[in-house]
Amino acid sequence: MKACIIGAGGSGVAAAQVLQARGIDYDCFEKGSQVGGNWRYENDNGMSSAYRSLHINTSRRVMAFRSLPMPDSYPDYPDHFQMAAYFDEVVDRYRLRERITFHTEVVDVVPVEGSAGEWDVTVEGPEGRATSRYGAVFVANGHHWDARWPEPAFPRSEDFEGEQIHAHEYREPDVLRGKRVLVLGIGNSAVDIAVESSRIGEKTFLATRRGAWVLPKYLNGKPIDEIANQVTGLAPIPVMRAVMGRQLKVAVGDPTDYGLPKPDHRLLEAHPTVSSELLPRLGHGDITAKPNIDRFTGGRGVRFVDGSEEEVDLVVYCTGYKITFPFFRPEIFAAPDNKLPLFRRVVSVERPGLYFIGFIQPLGPIMPLAEAQVEWIADLLTGQAALPSPAEMRREIAVEEEKQRKRFIASKRHTVEVDFYPYLRAIRRERKRDSLPA
């Protein structure tokens with residue numbers, strides 16, 4: 001029976017390309033008019049978080065799909081316009097575009113009662129609503145589109161007389177010009193926005209409740225992820241941590257040298273912040289590091305937990321995203337606190353026939369992992385591999401959740417964090433599982 005792919009972003013394109021190559025029939029539905037998802041600037045599906053200056057933070061050679069490298073003419077770190085063009089090249093090279101139904105939103109996905117993994121999918125498009133039945137559903141609607149605001153909100157934030165926006169709304173630097181800007185967070189979007197503000201704003205503050213390890217984009221003239229792959233890609237995590245720690249100490253020193261708080265975690269226990277510009281801007285005084293917000297004091301005043309206060313015109317919340325699925329009823333599937341109890345981060349144990357592609361945040365590139373996920377599910381659908389029993393999958397999920405708690409810091413941002421090579425090896429092992437346990 002035919003499969004359904006929800007979304008034509010990077011993960012949806014990976015699913016379409018692999019399923020077509022494997023001879024598995026499918027429909028792909030995209031709410032907007034183009035492919036590329038989050039990498040399509042001002043995507044008319046209303047879900048893209050891309051800002052004009054956005055570049056990828058993993059280099060093109062490791063980020064590309066295995067099926068099609070990025071053009072040699074691309075720089076090491078392409079921008080979102082180049083990434084969108086790359087996705088266009090993928091769908092045109094493999095004749096996928098005619099298989100994607102654009103301007104069509106998936107509005108309801110329900111399991112067929114009494115079936116072993118069939119689903120009724122209702123879509124709404126130019127011709128109205130229609131429902132079709134599928135033997136598998138690939139969920140690829142992404143997890144960087146539903147903005148998460150601070151929880152709980154800071155006291156008196158509703159009385160703040162300046163502007164407050166989420167990074168999801170940020171597009172052009174003009175909103176920063178001439179203003180006293182406070183950026184909250186120290187992830188990749190936060191440091192990009194703070195750096196832009198430091199060039200055209202009157203004053204820029206970067207506030208964070210915990211420190212972070214800031215990695216430069218280059219080491220020894222090469223993209224840092226290529227160096228990491230060559231030197232430590234297959235090594236145990238403690239070895240990777242030791243090697244990278246020594247390299248960072250030589251290249252940039254310690255975060256506290258620049259006024260940032262000391263990280264409350266070891267290197268590689270949180271998603272890295274990658275920037276070659278943040279630390280120099282801090283060192284030059286163009287950005288001032290601050291601890292977390294305590295409260296808003298009235299007017300445009302902000303008090304921080306160290307007792308210091310500043311007047312600011314604009315607060316940019318870079319506080320991450322919620323993982324949500326508007327096409328699922330809560331009783332069918334939900335991800336409270338961004339927790340996804342999935343076998344190998346892909347397979348729903350309780351809902352057979354339901355697969356999640358790209359709902360991971362790797363220490364490394366995501367696109368090759370999404371491609372590997374679909375290859376595995378294609379093996380399952382064609383009978384070349386099999387899943388373990390539901391009981392064994394639940395045990396494995398519990399084991400992985402315990403490892404997650406020990407491996408990464410506890411936060412909603414890190415519920416889907418994975419290490420690139422160990423995760424890829426786990427998927428490859430599943431592809432070799434050719435029979436159910438006795």
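Tutor: Helices (H or I, at least four residues) and strands (E, at least two) are DSSP runs, numbered from the N terminus. The model is predicted: local features need pLDDT of at least 70, side-chain atom pairs count only at pLDDT 80 or more, and totals for chains, interfaces and linings use all residues. Residues are numbered from 1 along each chain as its sequence is written, and side-chain values use heavy atoms, with hydrogens and water left out.

Helix α8 spans residues 367-381, and its partner, helix α1, spans residues 10-21. Two packed helices are described by the angle between their axes and the distance between the axes. Here the axes come within 9 Å and cross at roughly 40 degrees. (Axes are lines fitted to C-alpha atoms, for helices over the stretch in contact; angles run from 0 to 180 degrees between N-to-C directions.) So α1 and α8 are oblique to each other. That word covers what is left after roughly parallel (under 35 degrees), roughly antiparallel (over 145) and roughly perpendicular (65 to 115).

Who makes the contact, meaning heavy atoms within 4.5 Å? From α1 come Ser-11, Ala-14, Ala-15, Gln-17, Val-18 and Leu-19. From α8 come Ala-370, Glu-371, Val-374, Glu-375 and Ala-378. These residues divide into seven nonpolar, two polar and two charged. (Ala, Val, Leu, Ile, Met, Phe, Trp, Tyr, Cys and Pro count as nonpolar; Asp, Glu, Lys and Arg as charged; the others, Gly among them, as polar.)

Is Gln-373 buried or exposed? Gln-373 counts as buried, because its relative accessibility is 0%. (Buried means under 20% relative accessible area, exposed over 50%, partly exposed in between, with a 1.4 Å probe and protein chains only.)

Its side chain makes polar contacts. Such a contact is a pair of N or O atoms within 3.5 Å; within protein, one must be able to donate a hydrogen and the other to accept it, and residues adjacent in sequence count only if both atoms are side-chain atoms. The side chain of Gln-373 reaches the backbone nitrogen of Gly-358 at 2.9 Å. The side chains of Gln-373 and Tyr-423 are joined at 2.8 Å. Leaving aside residues up to four places away in sequence, Gln-373 touches Arg-345, Val-346, Phe-356, Ile-357, Gly-358, Ile-360, Tyr-423 and Ile-427.

Stop at Arg-345, one of those neighbours. Arg-345 lies in the loop between β22 (342-343) and β23 (347-348). Arg-345 is buried, because its relative accessible area is 14%. Most residues other than glycine have a negative phi, and most peptide bonds are trans. Arg-345 has a positive phi, near 70 degrees.

Compare another arginine. Arg-95 also has a positive phi, of about 55 degrees, although it is not a glycine. Arg-95 sits in the loop between α3 and β3 (100-101). What does 61% relative accessibility make Arg-95? Arg-95 counts as exposed.

The bond from Glu-151 to Pro-152 is cis, with omega near -5 degrees. Pro-152 is in the loop between β8 (146-147) and β9 (163-166).

Definitions and conventions
Contact = heavy atoms within 4.5 Å.
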